[in-house]
Amino acid sequence: MANGTGQAPKPAGQSDSSSVVSGRNRYTSDRVLGGLCVALGVWYVLETRNFNLTTFGTGPVGPKTMPTIVGILFALLGVVLIFKADESPRWGTFAVWSRLGAVVATSFLFGQVLEPLGFIVASTLLAIIIGSFFRGPIVKLAPLSLAFAIAIAFIFNNWLGLRLPTGLWGGF
């Protein structure tokens with residue numbers, strides 16, 4: 001009780017690890033996540049080189065452009081995490097992680113239904129489902145999701161010359 005805290009002093013060479021994190025381990029979680037983001041971004045960019053042209057993947061931009069940009073940005077953000085790691089990051093709750101997992105699963109399913117349903121239908125459904133994960137009102141989500149999907153399809157098909165899958169909708 002000599003230390004004034006009401007607790008017995010620690011033996012020599014023993015520290016209170018609950019209040020002080022060693023300098024070396026302080027930034028580890030952000031740096032590990034940053035390294036994984038860099039690796040995933042590089043892998044993603046390399047994988048885009050294997051994309052084959054599809055019936056909807058022709059035009060001045062091409063099917064490799066956007067995924068390559070996304071991979072590069074993902075890797076760059078990973079580098080930022082490595083060099084600007086948070087000293088004491090707070091991790092999300094189970095509810096946050098489960099919603100994030102649901103968004104990832106829904107995005108995967110989007111890729112599976114894109115050609116059979118078409119870009120407009122698949123994108124509208126994706127936006128409605130993801131919006132509902134975050135408690136968005138369906139009455140507002142449905143028309144906004146449809147309008148956004150139509151606008152994106154119009155821009156890609158008519159201004160960029162990149163043909164998106166038409167599926168059930170038909171197309172422009």
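Trainee: Hi! What pattern does the chain follow, read along the sequence?
Mentor: Along the sequence, the pattern is α-α-α-α-α. The chain has 5 helices and 0 strands. Both are DSSP runs numbered from the N terminus, helices being H or I with at least four residues and strands E with at least two. This is a predicted model, where local features need pLDDT of at least 70, side-chain atom pairs count only at pLDDT 80 or more, and totals for chains, interfaces and linings use all residues. Residues are numbered from 1 along each chain as its sequence is written, and side-chain values use heavy atoms, with hydrogens and water left out.

Trainee: Thanks! How much of the chain counts as buried?
Mentor: Of its 172 residues, 21% do. Buried means under 20% relative accessible area, exposed over 50%, and partly exposed in between, using a 1.4 Å probe and protein chains only.

Trainee: Which residues of α1 are buried?
Mentor: Asp30, Gly34, Cys37, Gly41, Val45 and Thr48. They cover an arc of only 65° around the axis, so they sit on the same side of α1. That arc is taken from the directions from the helix axis to the C-beta atoms.

Trainee: And what is exposed on the other side of α1?
Mentor: Leu36 and Leu46 are exposed there. Tyr44 is also found in α1, and with a relative accessible area of 35% Tyr44 is partly exposed.

Trainee: New topic: which residues make the nonpolar surface patch?
Mentor: Leu40, Trp43, Tyr44, Met66, Ile69, Val70, Ile72, Leu73, Phe74 and Leu76 make a patch of about 930 Å². Patch residues have over 30% relative accessible area and no salt bridge; like charges are joined within 9 Å, and nonpolar side chains (Val, Leu, Ile, Met, Phe, Trp, Tyr) within 5 Å. A salt bridge is a side-chain nitrogen of Lys or Arg within 4 Å of a carboxyl oxygen of Asp or Glu. Areas come from the Shrake-Rupley method with a 1.4 Å probe.

Trainee: Which helix gives the most to that patch?
Mentor: α2, with 7 residues. Both α1 (28-48) and α2 (65-83) supply at least two residues each.

Trainee: What about Arg135, where is that?
Mentor: Arg135 is in the loop between α4 (119-133) and α5. Arg135 is exposed, at 66% relative accessible area, and has a positive phi of about 65° although it is not a glycine. Most residues other than glycine have a negative phi.

Trainee: Last one: is Asn157 buried or exposed?
Mentor: Asn157 is buried, with a relative accessible area of 6%. Asn157 lies in α5 (residues 138-159), and a polar atom of its side chain is 3.1 Å from the backbone nitrogen of Leu164.

Terms used
A polar contact is a pair of N or O atoms within 3.5 Å; within protein, one must be able to donate a hydrogen and the other to accept it, and residues adjacent in sequence count only if both atoms are side-chain atoms.
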